[in-house]
Every structure is written in structure tokens, then in C-alpha cells.
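Here are my notes for you, as a set of numbered points. Please keep the viewer open while you go through them.

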Amino acid sequence: MQASLSRFRARRAVWLAGSILAASVVATGALAAASGDPADSTHPVKIDPENADFGTRVDELVITAGSKAVDAAPTKTSLNATQPQAIIDRKTIDQFVPTTADYNQIINLAPSMSGTSFNGPGLGEAKTVLRGFKDGEYNITYDGIPWGDANGPTHHSTSFFPSSTVGAVVVDRGPGEASQLGVASFGGSVNLFSPEVSDDRGGSQLITGGSWNTWMAVTKLSTGKIDQLNGAKFLFNFQELTTDGYLSYNKAKAYNQLVRGVIPLKGDWALTVLGTWNYTKIYQSDNAGATLTQVALYGKNYALNNDPTTPNYYGYNVVNKHTYFNYARLAGSITDTLKLENTLYSYYYKNDTESALDVTLSPADIAASKGLQITYTPGGKPTVNGHIPGYTKLNVYKIYGDVLHLNQQVPFGEIKAGLWLEHADTGPRFRSDYDATLGIGANGGRTPDYRQKVLAGVPQYLEYNQFSGWDQYEPFVDVVWKVTPSLTITPGVKYVNEKIFVDADVNQKSRLPFHDSKRFEKTLYFLTANYKIADNLAAYAQYATGFLLPDISVTQVVNPNLSQLKPQESTNYQAGVIYHGGRVTVDADVYYIDFTNKLQTTTVGTETVNFNLGGATYKGVEGSVTYAALNHLFVFANGSLNSAKAQGASTTIAGTPVTITGGKQISGAPKSTAAVGLLYRQGGWSVSLADKYTGEQWSAEGEPAAYRIKPYQSADLKVVYTVGRYRLEGAVYNLFDSQQATNIKQGKTTDYDQYYFQPERNFQISVKANF
């Protein structure tokens, strides 16, 4: 295993070194030939993102100058769009989103987006569903770099980018063009952009206090242009947060530091560097969720307690995470018509968790277990007894990548080509059973007193010890053909080649050795068109194919078999229109997606397993409108009707027949979404009211009545007053105190199903001073 890891690391070092060398050679030649003053890239760039060069920054996104409705709209769509999108600028984030939020609360403003944070906004991890595609079935990028877990492209929302590190968001509801990066682009892309670096020296200090003893401070410092460094400028952003959380005993703290610098070189060449570091600690079970019995006894916010004789004791359930995300980007013109951008990046994630094995036990379960000793079944897990069984978990991954873009102007338009390289190292992924009761002793150590071997050669307490990862490369090209001044057609092609590998001495589930790899490859095709009917009216259409590799998690079963794995594939069709008037802006679209080899999860006995659903069809209608009712009053609405239905499948999992009836809504996919609200601006006052509605859905396949999630909604009110360099704001979230269930996780029986609810009505007050 160590030899194979060494080979992977050596290969990684070779191609990263080659990428740096290639960029350096090109840059050196260009700089030697360039002349003139350093590029003046210091002013905040106001752009249409669909019409921008790859190196252009996103700050306040201006779509149509002079349109009050477009300026006020919480979500905007570009007249140059080639697929449905929602642009959310920093002004909207400040007005509609809690200061403690993560990106999930930001993107929830858009049509077809749904999700909630169970511990409060930004106070615990959250997931968002896009058109019925769950997290991991669409991309999330930061400054154009795709990121996600190394055992599958899912995301930990509190571990990398809090809202203070987000300058703007563009939600693309579709695969985009060939140059759209990420392994799950068929579901769409959530594109986060870092804050702009100001020309001027200064900064700000924000203090927020809120419900559940929540306190947060955000300090921003800007150097402005530094003449001694050729006009280089830097932004420093520091965020500290502490909270008791909505859920009982889910106390948390989080610290984030971000540095971003823009360094002009020669001509229009510039180097952009960014580093962000994050630490979070939260008292939370790895198996969170309350049963109905626990809800009846302790309330909807029940999670943990202060009783060490129960598995819900907060001292047995704690998660520590450390992450970083760094990149260096070199961009400039090689010739008058050829531009280059090369981005070298890496990011890191470490999760160190201690958790009780089962937090669904009722008081009667716990009482019945008193006085017993820890016991095992061969190859199984410890059973509950007088001592609380738990486990420790360590998950570490490091991802390295390089993205090369080359844009060549040609007489008929532009050719955009590039290459994405990435290597992932996951490991160690390690989990070990231990006695939580003894492990929380005076020295805080973990005791091996009960450990015993059941499988030959494998310590029974060791659940898994696994290394895994991938190597991938994706060359791509888009041809932007300006057929007429009004019509642009862009065909594109991308080749995907990815090898996944698993190197486990003790594999998850089986606790047996497993060493295997498999290479997947696919050519993807794209065709988009945009037609300007008038200066403020446009229509677009898109055809695209999609491809998503199976998660490494599909190998974490009793009998893994990489040779039988099939990638998930899709064919996407969609079309829409955009209108930007002086007092009203409207966009609407329809979509149809044919999905094959869809992997889904279900529960068999006490195990959650993956299976191939066969196929699914996604289709729907989406739209949004903002109207300037008065000079200072704007009303807005957006919504969607979303059908995400399985085509039906039958299989056998662990000896148990499983049948999925066709024509049923896929689990976790709401049938509709909507948002309505208003925005009032005058003088130093700004008031917003927004109500987000999420339609009917089911938390299990086949639309079973017991797992139906009724529609729910949450209204948020925010009042902001700005005077001079000071900003005061007060907000009430979930104004009408809706506390409906938003998810149900299946247990070993329905008595042990775990429920998740909307957090109660809560408030935040913030004071900000600029200097």
C-alpha cells in the first residue's frame, strides 16, 4: 500500500511541476515581449458573467444599466445566458441573508432550490437540493475551482466558505458549456466568488448577536494599492463565531481566515493568490436526529444532553474539523488575440470525530441495558449496554489540481480551450469502536479494555482503515460562433478520463482487505444558443450530456465489485427567455433531463446501502419576476414546478428484494418551490421581507405515506439603517415560527426513525463600522 501511495504522490509531483513550468515559460516569454504600464485592474469590475473573460472578477453584477427592477431583484439572469441561472450579488446577500449564514442560505433564494439548516443559519452543516438533484449531483465551485469531498463530490457547508468570504454567487441550473468544470455538472453548478479586493486602504468591523447565545465578529482589512509593490493590493478577512445552537447541547465555534491578493506584473499580466483556513468544533452526534419518542419527551430541538449514562451525552459526541483552500492564478495576454489563465490549487480536509454509536435509544432502552457488559457479534458492532458504545473516526483528504484556459479570438467569434488536471489522496479514513463511558474518564483518553479479535488477523474494534482517491484529466473546447450580431451558437466537447482507486487493509462494512481500481472515460457534447430578440429581450436553448462517476462509497459494502460499477449519465434539454424592462424583469424556462444509472440510497435492516435505480426523468418549469411598484418599493416572486420521477427498478440487496415503483417522485425531491417578498429602499433605510416555500416531498423511495414531508415555508424580515460609515441591522428569521419536519431518516424500525425540523423563530442584530 505504501508503495502505491508513493507512486501516486510521485506522479502528482511530476504533473504539478510540469504545469508550473509550462505556465512560467509562457508567462516569461509574454512578459519579455510586453511593454507599458502595469494593468489597472484595481477598480471593482461590474460585468455580465456570461460575457466575461475567464479571469474577470465578479463583484456587483450589473446586467442592464439603468433598470431599477434588475438592480433590486434578489436573483437576476443575464441577457447573454445560455441556460437558466440566478445571479445573487453581495448587495442581495447583505439584505436578505443572515450574517452567520453559509452558502446554502444564499442559494436558497433561487428557484428550484430547497433545504434548511437544522441548528440555525450557518450554525451547523446543511444541504441543498437543486431540481431534485441532491448535494453531490451538482457542482460547487469557488473562483472557478470545483471542490468537494474525496469519497464523492458532496460538500461540508461550514468547513470552507462562510458567507463573509462570498462576494457573489451564480447558480447555473444546467450543465453549462464544455468549459464548466466539475464532475457533476449535469445537475448544475453553484459558483461562489471570493470578495473583491479594493483599490483603497480601509476596512470594516462587524459584530452580530442573536438567538441561542450566538455571537460573531467579522474583521475586513484592505491594504489598497501598494505603490512599492507595483500596485499590488491585498484583502484580509477574519471571522470568529460561537453559538449554543438551536439543537440542545449542539454548542459550536468556528474560525475562518482569508487572504486574497492581486499582484500586477507587466502589461495586462497579473498574479492572484488566495488562501483560506477554517476550524470548526461542534458537539454533535455523527448519527444526529431525534425519534418521535424523544421529540415527545424533550421537544423538537432535542439532540444531546448532559447525562453521561446516555449515548446522547454531549461529551461523547464531538466533531473537530480543520481545512484549507489555496490557489495561485496567473493570467494575461500572450498576443493581442490569445489570452491565457493558469490556476494551481490545493485544498485539505481533516475530520476528527468521537460519536456514540446509537442516539435513538429511549429511556426504556437505556434502563433495560443497565448492568450488562459490552458484547459483540462476529464481524459486527458492539451492542448497547451499561457502558455506552461509541467510535472514533478520522477522515483526511488532500486534493491538488491545475486548470489551464486558453481563449483565442477568431474572425467568427472565439475558441475557448483548456485542460483540467486533478489528483485526490484520501487517507487515512479510519474508524474504531471504543468504550465511550471509559473514554471520557479523568485523563480524557480512549481505553482498549474491551477490545477483542473476532476476524482472523483483524482487530474486531477496527471498523475500517482505508486509503482511496482518483486521478483525472479533462480537456475541453468551446467554439463561440457569432452567427449574426444577435445570434450566438456555441458547440463544445469535453473528454473525461478518471481513475478511482481503493487501497484498504480493512475495508468499510466487510472489515476485510480490498485493493482495486477502475478507469472511467466518456466524451461529452454540448450545444447552446442565445438569440437577442431586442436590446432587453433574449431567448436561449441548450442541449448537453452529463456524466457522474460512482462515489468511492459504493465500494464500502460487504462485497465490493468495481468492475460492475456504471457511471451516472444524463441528457439535458432546456430553453428560456429573459426580459429586462425599466420597471420589471422576467425570466422563465422549461427543462427535460433523461437520467440513466441513477445511484440512490435505501435502508435494508440497519444498513444504508447504494443501489442502481435504473433511470429517472427530471422535468419542470421555472420563473422569476421583480416589479418596481413604486420608486422605492419592489415586489418579487420566483417559483418552480419540479417533477423528478424514477423509471422503476427491482434488485436484491443483502438478500432482500427491493422494488422501486416507476412514476414516483424521487426521495428528497420537492415537487415545487416558491419565494415571494418585497424590498423597500429610501434614504438610509432598507427593509426586506422574503417568504420561501418548499413543496411536498418524500424522504424514502416510492412515495410511502409514512415518509411524506408536507410543504413548509419560512418568512424572513430584515431592517437595515445606514448612516455615514455605520450600518445597523435587525432581522427576524422564520417569522411565523414554522417548525415542520423537513426530513426523516429511516431507522431499524419506524420507532427508530429520526426526524429533523425547522429551527424556531430566531433573531439577529448587527452593527458594522467602516473605516
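1. Let me begin at a loop: N213 sits between strand 8 (201-210) and strand 9 (214-223). Strands here are DSSP runs of E with at least two residues, and helices are runs of H or I with at least four residues, both numbered from the N terminus. The phi of N213 is near 55°, a positive value in a residue other than glycine. N213 counts as partly exposed because its relative accessible area is 45%; the classes are buried under 20%, exposed over 50% and partly exposed in between, with a 1.4 Å probe and protein chains only.

2. Before going on, a word on the source. This is a predicted model in which local features need pLDDT of at least 70 and side-chain atom pairs count only at pLDDT 80 or more, while totals for chains, interfaces and linings use all residues. Residues are numbered from 1 along each chain as its sequence is written, and side-chain values use heavy atoms, with hydrogens and water left out.

3. S112 also has a positive phi, of about 65°, although it is not a glycine. S112 belongs to the loop between helix 4 (103-107) and strand 2 (113-114). With 3% relative accessibility, S112 is classed as buried.

4. Please look at the peptide bond from G427 to P428 too: it is cis, with omega near 0°. P428 is part of strand 16 (residues 413-435). As background for these backbone points, most residues other than glycine have a negative phi, and most peptide bonds are trans.

5. For the overall picture, the protein chain has 7 helices and 39 strands. Of its 771 residues, 56% are buried. Among contacts (heavy atoms within 4.5 Å) with a separation of 6 or more, 68% link residues 24 or more positions apart. The accessible surface is about 29,700 Å², and 58% of that belongs to carbon and sulfur atoms; areas come from the Shrake-Rupley method with a 1.4 Å probe, and for residues only the protein chains shown count as cover.

6. Strand 1 runs antiparallel to strand 6 (residues 168-172), and 4 bridges join them. Within this pair, Q85 stands opposite D172.

7. Beyond residues up to four places away in sequence, V171 touches P84, Q85, A86, I107, M113, L130, S189 and V190. The C-alpha atoms of V171 and N191 are 6.1 Å from each other, with the two residues 20 apart along the chain.

8. The largest nonpolar core has 76 residues, and V190 is among those with the most contacts inside it, together with W147, V169, F325 and Y618. Such a core is a set of buried Ala, Val, Leu, Ile, Met, Phe, Trp, Tyr and Cys residues joined through side-chain atoms within 4.5 Å. Leaving aside neighbours within four places in sequence, the contacts of V190 include I107, M113, Y138, V169, V170 and V171.

9. Finally, the surface: Y525, L527, Y543, Y573 and Y592 make a nonpolar patch of about 500 Å². Patch residues have over 30% relative accessible area and no salt bridge, and nonpolar side chains (Val, Leu, Ile, Met, Phe, Trp, Tyr) are joined within 5 Å; a salt bridge puts a side-chain nitrogen of Lys or Arg within 4 Å of a carboxyl oxygen of Asp or Glu. Y543 lies in strand 22 (residues 537-548) and, at 31% relative accessibility, is partly exposed.

How values were computed. Pairing = 2+ DSSP bridges. Patch = residues over 30% accessible without salt bridge, like charges linked within 9 Å, V, L, I, M, F, W, Y side chains within 5 Å.
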